[in-house]
Amino acid sequence: MFVAPDPGRARLRNSSRAVLGVALAVAVAELCGLSLVASITGGLAALLALFTVTDATVRAQRVTTALLPVAGFPVLALATALHGVPAARDAAFVAVVFAGVYARRWGVRGHALGIFAFMNFFITQFLHARPGQLPELYAAVGLALLSAGAVRFVLWPIERRVPPPAVPPAAPGTGLARPTTRQAFQATAACAVALGIGQVLSEDRWYWAVGTAWWIFVNTASRGETLVRGFRRVLGTVIGIGAGLLIAIPLHGAPAPTAVLVALCVFGIFYTAAVSYSWMMLAVTVMAGLLYGLLGVLDPGLLVLRLEQTAVGALCAGLAVVLVLPVTTHATNDMWIQRALRCVRACTAEAAARLAGSPVADPAPHAAELELFLGRVRLSLAPLVHPLSPYRARKARARRVLALLDECAVEVRGLVSVAADPDASHDARLAAACWRVEAAVEALLSPEAERGAVEHGAPERAGAERAADRPAAGTSPGRIAAGPALAHLHGLERLLGQLDGPLRRGSRSPLVGA
């Protein structure tokens with residue numbers, strides 16, 4: 001939580017750039033003589049543009065950033081036009097929720113556009129914007145996106161030197177079998193109920209319940225992930241409200257110190273987002289309190305109402321993932337673990353081909369993909385390893401799976417490093433070792449099929465293995481021997497064998513039903 005690694009200081013640089021981009025957007029709006037409401041709108045638009053656009057290439061990021069107004073401006077116009085018509089406004093908001101989540105089926109671009117559309121409706125409610133303010137709101141958002149783009153692509157083009165991390169492909173499926181479709185119905189149901197209960201609590205600040213329910217569904221794929229995120233959101237909000245009572249209220253909206261603290265909150269949002277959702281929500285909650293202070297409406301009662309609305313949204317999201325087309329945690333765990341194991345198999349095969357002299361074999365892309373899938377495995381297993389999880393046996397086994405997969409990744413990285421050495425030579429024993437690793441992966445993916453393969457092919461494989469265990473004749477003593485590669489392959493074989501226990505399939509599988 002406090003000392004999370006930051007390779008290459010990527011999070012530090014990205015967070016610092018976000019502060020610069022948001023500050024420039026607000027400064028440009030102020031220099032153009034726009035109102036305080038418009039300046040805040042512009043600052044939030046810049047924050048969203050820098051936070052949600054995560055395409056794999058700089059060119060794709062530019063395209064997505066350019067498309068943000070296409071998604072945001074119509075929603076902004078709709079939200080302001082319906083401000084005085086509650087029934088139509090509520091129906092439109094729920095429709096935007098469904099469309100925003102449904103758009104995630106089109107990958108990271110659809111994800112970013114969906115979030116931007118939703119947040120334009122949300123920001124309009126937050127600032128109580130009226131139709132007469134629409135022209136300056138358009139101007140503020142347009143200037144903000146230009147400012148954010150200038151910082152991201154011209155002044156501080158981090159991605160040109162360090163490519164952004166790729167995003168693992170989404171789970172396939174059609175109709176209600178597609179997770180994004182199910183999540184669209186879940187989020188819509190949660191937000192609709194949160195909207196109704198939120199309005200009972202407050203006719204003016206009901207939108208926080210909807211926003212909570214919406215954001216809990218962002219970057220989650222299963223019932224367990226969503227429930228854990230809801231808990232962490234409430235926890236971060238509680239701590240943030242405590243901080244707001246000590247920090248935001250005493251300022252009374254003073255512009256200079258508020259601006260400095262908002263900048264620190266923006267930094268905190270970006271710096272902690274990848275490692276702690278609770279800490280990110282603390283920063284978001286403090287920033288919201290500071291913005292309320294600027295608008296002159298902040299008081300302790302408002303912060304308490306914020307907590308109540310957050311609890312309502314989290315409860316509605318939790319009920320929705322349990323009752324509306326649930327996606328079980330086990331199904332998600334199984335999918336990502338299988339993808340990680342297939343990456344191990346592919347990387348092993350490519351490394352063996354590279355060591356055998358193939359000029360086109362390259363295990364590095366598979367190793368990078370493995371890191372992405374392991375990140376998804378950690379996310380999907382988070383509900384099981386959470387400190388409050390009541391399933392002790394499953395928690396222990398889930399931790400064991402994570403530890404073994406992390407060790408597999410270490411061995412894979414070592415194997416890729418050996419294969420990349422131009423002086424590494426081929427040894428006939430590598431073929432047998434690679435086959436054993438691939439067989440171990442197959443046994444984990446499809447035990448019945450693997451048993452048949454072993455039963456029918458064991459004699460031939462065994463003979464080849466005995467022959468391959470002898471050092472290859474004619475190996476040049478001047479070239480690096482295959483010892484390091486064999487050590488990594490033997491390590492992989494051992495770890496994959498140890499994974500058999502916690503991943504064993506059947507009705508008593510330790511991770512089934514999680």
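Reply: Happy to; here are some labels and the values behind them, all computed from a predicted model.

Me: Why is L323 called exposed?
Reply: L323 has a relative accessible area of 65%. L323 lies in helix α13, and together with L227, L315, L319 and V322 it forms a nonpolar patch on the surface.

Me: What makes F93 and W206 an edge-to-face pair?
Reply: Their ring centres are 6.0 Å apart, with 70 degrees between the planes. F93 sits in helix α4 and W206 in the loop between α8 and α9, 113 residues apart.

Me: And why is the pair of F126 and Y292 called tilted?
Reply: Their centres are 4.9 Å apart and their planes stand at 55 degrees. F126 belongs to helix α5 and Y292 to helix α12, so the pair ties together parts 166 residues apart in sequence.

Me: How do you know whether F126 and Y292 are buried or exposed?
Reply: F126 has 4% relative accessibility, and Y292 has 3%. Buried means under 20%, so both residues count as buried.

Me: What makes R11 a charge over the ring of Y271?
Reply: R11 lies over the face of Y271, at 4.3 Å from the ring centre. The distance limit is 6 Å, so R11 meets it.

Key: Residues numbered from 1 in each chain as written. Predicted model: local features only at pLDDT ≥ 70, side-chain atom pairs only at ≥ 80, totals over all residues. Heavy atoms only, no water. Patch = residues over 30% accessible without salt bridge, like charges linked within 9 Å, V, L, I, M, F, W, Y side chains within 5 Å. Areas by Shrake-Rupley, 256 points an atom, 1.4 Å probe, with all protein chains shown as cover. Salt bridge = Lys/Arg side-chain N within 4 Å of Asp/Glu carboxyl O. Helix = DSSP H or I, 4+ residues; strand = E, 2+ residues; numbered from the N terminus. Buried < 20%, exposed > 50% of the residue type's maximum accessible area, 1.4 Å probe, protein only. Phe/Tyr/Trp six-rings, centres within 6.5 Å; stacked < 30°, edge-to-face > 60°. Lys NZ or Arg CZ within 6 Å of the ring centre and 35° of its normal.
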